[in-house]
Amino acid sequence: MNNVFLLFGGNLGDRFELIADAIDLTQRAIGEIVKASSVYESAPWGFEHENKFLNKVIIVNTSYSPQSILKTIQKIETKLGRVRNKTGMYSGRTIDIDILFYEDLVMNEEDLKIPHPLLHERRFTLQPLVEIAPNFEHPVLNKTMRQLLEICPDKQDAVRISTDRKN
């Protein structure tokens with residue numbers, strides 16, 4: 001069994017519900033959740049949009065391969081209304097699921113790069129990672145998640161928020 005770190009995010013529709021649904025579908029299809037971060041809210045990264053993103057990181061214990069997980073999470077995204085932007089530009093989305101780490105595996109295929117190549121540049125990814133795995137070491141950069149957050153070039157706030165829908 002392997003631990004895979006997944007980032008869930010979205011800025012369209014009922015953001016809380018979509019992340020909860022995506023996590024539920026992921027757990028049923030891929031494996032047991034062993035840790036989950038709080039939900040964080042942040043401005044869009046790399047593009048302009050009027051809606052802020054919610055993001056959450058989970059660690060799932062799985063026997064599936066990285067390629068199998070990629071296919072599964074893409075099906076979950078589609079089921080939850082994700083429309084892929086064919087231009088390659090960032091845009092708003094109902095749900096986005098990224099594979100951040102698969103144990104300490106390093107993979108560089110055309111359709112799948114592990115660790116996620118931009119995670120160390122994104123505060124909205126690093127803050128939830130530090131919450132649940134501060135001492136996990138990036139297998140390429142050889143720094144812990146805490147160390148990467150300290151030197152992260154992204155200065156946008158990623159604010160931990162309540163999951164209570166009344167707030």
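**Notes on the model**

1. In the contact between two helices, A22, L25, T26 and A29 of α1 meet T72, I76 and K79 of α2, where contact means heavy atoms within 4.5 Å. The residues of this contact divide into 4 nonpolar, 2 polar and 1 charged, with Ala, Val, Leu, Ile, Met, Phe, Trp, Tyr, Cys and Pro counted as nonpolar, Asp, Glu, Lys and Arg as charged, and the others, Gly among them, as polar.

2. The model is a predicted one, in which local features need pLDDT of at least 70 and side-chain atom pairs count only at pLDDT 80 or more, while totals for chains, interfaces and linings use all residues. Residues are numbered from 1 along each chain as its sequence is written, and side-chain values use heavy atoms, with hydrogens and water left out.

3. Helix α1 (residues 15-29) packs against helix α2 (residues 66-79) at an angle of about 145°, and their axes are 10 Å apart; helices here are DSSP runs of H or I with at least four residues, and strands are runs of E with at least two, numbered from the N terminus. The axes are lines fitted to C-alpha atoms over the stretch in contact, and angles run from 0 to 180 degrees between N-to-C directions.

4. For α1 itself, the 15 residues at 1.5 Å a residue should span 21 Å, and the end C-alpha atoms are 21 Å apart, which agrees; the expected span is 1.5 Å times one less than the number of residues. The buried residues of α1 are F16, L18, I19, A22, I23, L25 and T26, where buried means under 20% relative accessible area, exposed over 50% and partly exposed in between, with a 1.4 Å probe and protein chains only. After α1 comes G31, whose phi is positive, near 160°.

5. The rings of F5 and F101 have centres 5.5 Å apart and planes at 80°, so the pair is edge-to-face; rings of Phe, Tyr and Trp (its six-membered ring) pair if their centres lie within 6.5 Å, with planes under 30 degrees apart stacked, over 60 edge-to-face and the rest tilted. The pair links F5 in strand β1 (residues 2-10) with F101 in strand β5 (residues 96-102), 96 residues apart. F5, at 4% relative accessibility, counts as buried, and F101, at 0%, counts as buried.

6. Y64 lies in the loop between β4 (53-62) and α2 and, at 39% relative accessibility, counts as partly exposed. Leaving aside residues up to four places away in sequence, Y64 touches A29, I30, I69 and Y102.
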